[in-house]
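Welcome to this tour! Open your viewer, get your selection tool ready, and follow along one stop at a time.

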Amino acid sequence: MSDDALKDINQFLTFTLGKEIFALDIGTVREVLELTSITKIPRTPEFMRGVINLRGHAVPVVDMRLKLGMSKGADTVDTCIIIVEIEFDGEFTVMGALVDSVREVFEMMPDTIEPAPKMGAAINAEYIKGMGRQNDQFIIIIDINKIFSAEELAIAKEMAGLGGNNVEQPPVEEAAAPASA
């Protein structure tokens, strides 16, 4: 295969939500974590599951089933959190995407990716990059940079800030003690 042909191969991380297979561009994925303790933040949208502590940083976690309008699923041994980096208006936000299971990194040539189907005005498909195939199954390729609104990303940043105050900074008593000594 020539170098030019290799450049045209797209790599995607495939994951499941229910019986459907979805994919994210591997370039947006930082890492995959086993399900860990998620702290719920009050008064946030239902699809915002809460925050996790990722190496001292609070990272908001989104339940992808709820975000995509599916029914809430039970957490299992296969449930994972995909840590993604989302770009919106030149700013980057790190978030966790809660999924039923992670499958594999899958390579697809651009000419094998079909455009997103037109579903009518009732379904917003602007976050679907396209449809791929693996054997007899369709893979829905998601554009993670288009799935969240500006308001939702602002909530995520606020959640990270709220969690960050508890995770990154020392308690007030410890910080004030050296000044009074």
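In which loop does Thr36 lie? Select Thr36 and trace the chain both ways: this residue sits in the loop between strand E3 (29-34) and strand E4 (48-54). Keep in mind that you are looking at a predicted model.

Stay with Thr36 for a moment. Leaving aside neighbours within four places in sequence, Thr36 is in contact with Ile52 and Ile81.

Next, select Met64, Ile82, Met95, Ile142 and Phe148. They have the most contacts inside the largest nonpolar core, which has 34 residues. Highlight strand E6 (residues 80-88) too, as this strand gives the most to that core, with 4 residues. Apart from this core lies another one of 8 residues, including Ile52, Leu54, Ile83 and Leu98. In soluble globular proteins, nonpolar side chains tend to be buried together.

Zoom in on Phe148. Not counting residues up to four places away in sequence, Phe148 touches Phe47, Val62, Lys67, Ile86, Phe88, Met95 and Leu153.

Our last stop is one of those partners, Lys67, which you will find in helix H2 (residues 64-67). Is Lys67 buried or exposed? Lys67 counts as buried because its relative accessibility is 19%, and the cut-off for buried is under 20%. Show its side chain: the side chain of Lys67 makes a polar contact with the side chain of Glu152, at 2.9 Å.

Methods
Residues numbered from 1 in each chain as written. Predicted model: local features only at pLDDT ≥ 70, side-chain atom pairs only at ≥ 80, totals over all residues. Heavy atoms only, no water. Core = buried A, V, L, I, M, F, W, Y, C linked by side-chain atoms within 4.5 Å. Buried < 20%, exposed > 50% of the residue type's maximum accessible area, 1.4 Å probe, protein only. Helix = DSSP H or I, 4+ residues; strand = E, 2+ residues; numbered from the N terminus. Contact = heavy atoms within 4.5 Å. Polar contact = N/O pair within 3.5 Å; in protein donor to acceptor, adjacent residues only side chain to side chain.
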